[in-house]
Amino acid sequence: MYDVAIIGAGVIGASIFRELSKYNLKTVILEKENDVSMGTSKANSAIVHSGYDPKVGTLMAKLNVKGNEMFEELCKELSVPFKRNGSLVIGFDDNDMETIKELYENGKKIGVKGLEILNKEEVLNKEKNLSENVKGALYAKMGGIVGPFEYTIALIENGIENGGKLKVCSEVIDISKEENFIIKTSKGDKIEAKYIINAAGIYADKIHNLICEESFKIIPIKGEYYVMDKSQGGLFTNTIFQCPSKKGKGVLVTPTVHGNLLVGPNADEIEDKESLKTTMDGLDFIRSKALKTTEKVNFRESIRNFAGLRATPDTGDFIVEENKKVKGFIDAAGMKSPGLSSAPAVAIEVVDILNKAGLKLVKNENFNPYRKQINFMELTSEEKGELIKKDPSYGRIICRCESITEGEIVDAIKRSFGQITLDGVKRRCRPGMGRCQGGFCGPKVQEIIARELNIPIESIVLEKDGSYILTGKSK
């Protein structure tokens with residue numbers, strides 16, 4: 001039996017999982033896919049918002065500011081790329097400047113640090129590639145960018161290292177409660193737990209309704225994106241937003257932690273919670289909106305398009321609470337933007353709820369907060385030389401676009417869990433993330449996976465079960 005079962009291994013579930021590993025508890029995290037970070041956590045804007053726009057008094061406001069301030073230390077502990085690059089909300093007319101003033105006042109009330117209103121000259125001094133039509137901006141010093149799937153994976157790895165258990169390919173199909181909760185999964189497992197945390201993202205309403213009365217609905221909002229080549233990555237230093245609308249924060253232009261440029265998203269309400277299609281209309285809309293921000297982005301340098309779903313609650317705010325009728329069942333749901341930014345603080349909030357609900361929390365004296373991942377190209381020449389002496393595989397470049405070595409790929413495979421896929425390795429250490437999108441390194445990475453795991457190369461899939469790459473020899 002487990003003390004706590006977490007449903008959903010996205011960034012919210014992973015943050016709670018790692019936070020609970022600080023205590024002497026038996027914790028399990030259940031994920032319906034064959035890997036973690038397979039939903040919204042792998043397909044979003046990768047932004048750590050400073051927190052100026054949630055309404056005063058909401059959970060979003062409270063947890064965004066608190067979560068943002070935790071990211072620097074967490075990413076250092078977990079060897080995850082993070083940069084506090086700052087953000088700008090740009091305005092083009094008097095109405096926009098009035099909105100910017102409102103955001104500034106709202107942010108001050110919430111407790112956001114480092115907010116300034118800039119005039120046109122100050123804005124263009126910061127970002128020379130912005131449109132000349134800009135009138136002013138809100139500058140948020142605390143804005144940041146992160147590797148979202150790398151962060152989620154690191155949280156899970158560290159949680160496992162500290163005693164937590166992960167079960168992938170384990171979709172929850174039924175929940176009942178006797179003395180404790182009984183969770184049935186698609187694998188046929190029956191898992192007993194004293195407490196349940198519902199962190200199932202876009203499916204959080206479905207999981208909630210398995211045992212609780214319906215009290216909220218999750219609306220999937222699809223957002224599409226352009227990933228631009230690194231030739232475009234130096235156009236901006238800050239994350240650039242236009243003034244927000246009722247649909248959300250609008251189309252942004254932002255550098256990524258790995259030197260690319262990200263443009264998007266749109267915001268389309270859909271019914272299908274599995275639909276990740278990109279559309280010509282959606283991408284055209286993003287391009288036209290981005291041109292208002294800048295005409296300097298060369299969209300011919302796009303190397304990939306993708307879409308992600310935001311778990312938008314009909315309540316208008318995060319849902320982080322113990323159910324009043326089903327004691328021990330805790331929702332951590334409705335985590336639309338700024339869900340990623342708030343995740344570390346959501347985890348602390350959930351642990352506090354568990355404590356108040358009666359879970360005995362005894363500190364794990366052996367808790368190790370550190371998870372080390374080698375990023376070869378970030379090492380000094382001396383460090384590279386020493387590492388290659390110990391392990392020559394670090395001297396062999398496999399992904400030329402991103403300069404990823406064989407040693408990094410082998411290390412990622414050894415630290416992985418569940419079924420190892422080509423995209424799973426890609427999310428862990430980036431082979432295939434560059435301009436050629438795995439056209440050159442993909443076959444070699446497959447060979448390394450097959451060799452390291454001693455499995456037939458034909459059994460390796462791209463992403464989800466059934467997405468086979470090879471089916472046999474042609475000659």
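The model is a predicted one. Its second largest pocket has a volume of about 640 Å³, and the structure holds 5 aromatic pairs. An open sheet of 3 strands is also described, and one of its strands, β4, is among the elements that contribute to the lining of that pocket.

**The second largest pocket**

- The second largest pocket is lined by 28 residues, and those nearest its centre are His 258, Ile 374, Asn 375, Phe 376 and Glu 378.
- Two or more lining residues come from each of β4 (82–83), α5 (148–161), α9 (381–390) and α11 (422–429).
- By residue class, the lining of the second largest pocket comprises 12 nonpolar, 5 polar and 11 charged residues.

**Aromatic pairs and cluster**

- Among the 5 aromatic pairs of the structure, Phe 71 and Tyr 151 form a tilted one, with 5.0 Å from centre to centre and 35° between the planes.
- This pair links distant parts of the chain, since Phe 71 belongs to helix α2 (residues 59–78) and Tyr 151 to helix α5, 80 residues apart.
- Phe 71 counts as buried because its relative accessibility is 0%, and Tyr 151, likewise at 0% relative accessibility, counts as buried.
- Tyr 225 and Phe 306 form a stacked pair, because their ring centres are 4.7 Å apart and their planes meet at 15°, which is under the 30 degrees that stacking requires.
- One aromatic cluster is formed by Phe 71, Phe 82 and Tyr 151.

**Charges over rings**

- Arg 400 places its charged end over the ring of Phe 440, at 4.9 Å from the ring centre.
- Arg 428 lies over the face of Phe 417, with a distance of 5.0 Å to the ring centre.

**The open sheet of 3 strands**

- The strands of this open sheet follow the order β3-β8-β4, and their pairing is antiparallel.
- The antiparallel pairing of β4 with strand β8 (residues 144–146) runs over 2 bridges, and Lys 83 stands opposite Ile 145 in β8.

Terms used:
Residues numbered from 1 in each chain as written. Predicted model: local features only at pLDDT ≥ 70, side-chain atom pairs only at ≥ 80, totals over all residues. Heavy atoms only, no water. 1 Å grid on protein atoms, 1.4 Å probe; cavity = no way out; pocket = protein on both sides within 12 Å on 5 of 7 lines; lining within 4 Å. Points joined across faces, edges and corners; volume = space filled by probe spheres on them. Helix = DSSP H or I, 4+ residues; strand = E, 2+ residues; numbered from the N terminus. Nonpolar A, V, L, I, M, F, W, Y, C, P; charged D, E, K, R; others polar. Phe/Tyr/Trp six-rings, centres within 6.5 Å; stacked < 30°, edge-to-face > 60°. Buried < 20%, exposed > 50% of the residue type's maximum accessible area, 1.4 Å probe, protein only. Lys NZ or Arg CZ within 6 Å of the ring centre and 35° of its normal. Pairing = 2+ DSSP bridges.
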